[in-house]
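This report describes a single protein chain for a reader who is new to structural work. Please examine the sequence and the structure shown below before reading on.

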Amino acid sequence: MNVLYHSINPEANKSSYSEFEVVDFFIKSDRNLVRNSLRLEGELNCSVSGTRVVFADDVFFSHKTGAHGLVKGMSVEVNGQVIENISQGYAKYANLVSTSSDNIDDMYNSRNLCELKGPNVQYAKALASGASDDTDQAQIFEDVDFSFKPICCLNSMDSDLPLARAGLIKVSFTLTRNQNFLLGSGVTGN
């Protein structure tokens, strides 16, 4: 059973984010931060010059990294003190964790599917093309939802964190370059 404890929008809330942007989240509450419950949610839209990619375009992302590949680096601050800083290489680290701990059967687990991880490249290529909504025999492709659990200190706690005692927590994600996330012969600079 999934329970939504609290939802926070980014500090500079926008309708879309692109490469190299830093997305900051400030967590401040009088409640507890439930251990290992931090997740980043969004929608993935892969397009070339404003046109959504299709399966035949040969555009995909690492099926073992999934949505973690969108992040170049991340940091966690508590009351202005940096307690964790992964300035670059976060996606590679997430890929190593996935490769060493999950086999191909684990990729069918909903824990991995919601993070856009999958069993093979064709799966990732289909997700990059968007979710198909077959209505009236016409395919309409929509952005793909994702929800991933960042590999960070807030998701490896032994117990809940009382935010009244911890103070302000800032979690920052630096988005990766498009060409570092997307793979395949159809990837361009646009």
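In which loop does N120 lie? N120 lies in the loop between α2 and α3. This is a predicted model, in which local features need pLDDT of at least 70, side-chain atom pairs count only at pLDDT 80 or more, and totals for chains, interfaces and linings use all residues. Residues are numbered from 1 along each chain as its sequence is written, and side-chain values use heavy atoms, with hydrogens and water left out.

## The chain as a whole

The chain has five helices and 14 strands. Helices (H or I, at least four residues) and strands (E, at least two) are DSSP runs, numbered from the N terminus. Along its principal axes, the C-alpha trace spans about 55 × 35 × 35 Å. The radius of gyration, taken over C-alpha atoms, is compared with a globule rule of 2.2 Å times the number of residues to the power 0.38. For 190 residues, a compact globule would have a value near 16 Å, and the 17 Å of the chain agrees with this.

Buried residues make up 36% of the 190 residues in the chain. Here, buried means under 20% relative accessible area, exposed means over 50%, and partly exposed lies in between (1.4 Å probe, protein chains only). The areas come from the Shrake-Rupley method.

N120 is partly exposed, because its relative accessible area is 31%. The C-alpha atoms of N120 and M107 are separated by 8.9 Å, although the two residues are 13 residues apart along the chain.

L116 also lies in the loop between α2 (110-113) and α3. Is L116 buried or exposed? With a relative accessible area of 2%, L116 is buried. Its phi is near 65°, a positive value in a residue other than glycine. Another such residue is N36, with phi near 55°, which is found in the loop between β2 (32-33) and β3.

## Salt bridges

Side chains of opposite charge can pair when their charged atoms come close. The structure holds five salt bridges; the term denotes a side-chain nitrogen of Lys or Arg within 4 Å of a carboxyl oxygen of Asp or Glu.

| Residues in the salt bridge | Distance, N to O |
|---|---|
| K14 and E21 | 2.4 Å |
| D143 and R52 | 2.8 Å |
| K125 and D58 | 3.2 Å |

In the salt bridge between K14 and E21, K14 is partly exposed, with a relative accessible area of 39%.

D143 and R52 form a salt bridge of 2.8 Å. D143 lies in the loop between β10 (138-142) and β11 (144-148) and R52 in strand β5 (residues 51-52), so the pair ties together parts that are 91 residues apart in sequence. D143 is partly exposed at 27%, and R52 is partly exposed at 23%.

Which parts of the chain does the pair of K125 and D58, with its N to O distance of 3.2 Å, bring together? The pair links distant parts: K125 in helix α3 (residues 121-129) and D58 in the loop between β5 and β6 (60-61), 67 residues apart. K125 counts as buried, because its relative accessibility is 14%.

## A charged patch on the surface

E41, E43, E142 and D145 form a negative surface patch. Patches of charge are made of residues with over 30% relative accessible area and no salt bridge, like charges being joined within 9 Å. Asp and Glu count as negative. At 54% relative accessibility, E43 counts as exposed.

## Further residues and separations

M74 lies in strand β7 (residues 71-78) and is buried, with a relative accessible area of 2%. The C-alpha atoms of M74 and Q88 are separated by 7.8 Å, the two residues being 14 residues apart along the chain.

R165 is found in helix α4 (residues 163-166) and is exposed, with a relative accessible area of 68%. R165 and C153 are twelve residues apart in sequence and 17 Å apart in space, C-alpha to C-alpha.

A12 has its place in the segment before β1 (22-27). Its relative accessible area of 53% is why A12 is classed as exposed. Between A12 and G130 there are 26 Å in space, C-alpha to C-alpha, and the two are 118 residues apart in sequence.

Key. Patches are made of residues with over 30% relative accessible area and no salt bridge: like charges are joined within 9 Å, nonpolar side chains (Val, Leu, Ile, Met, Phe, Trp, Tyr) within 5 Å. Accessible areas come from the Shrake-Rupley method with a 1.4 Å probe; for residues, only the protein chains shown count as cover. The place of a charge is taken as NZ of Lys, CZ of Arg, CG of Asp or CD of Glu.
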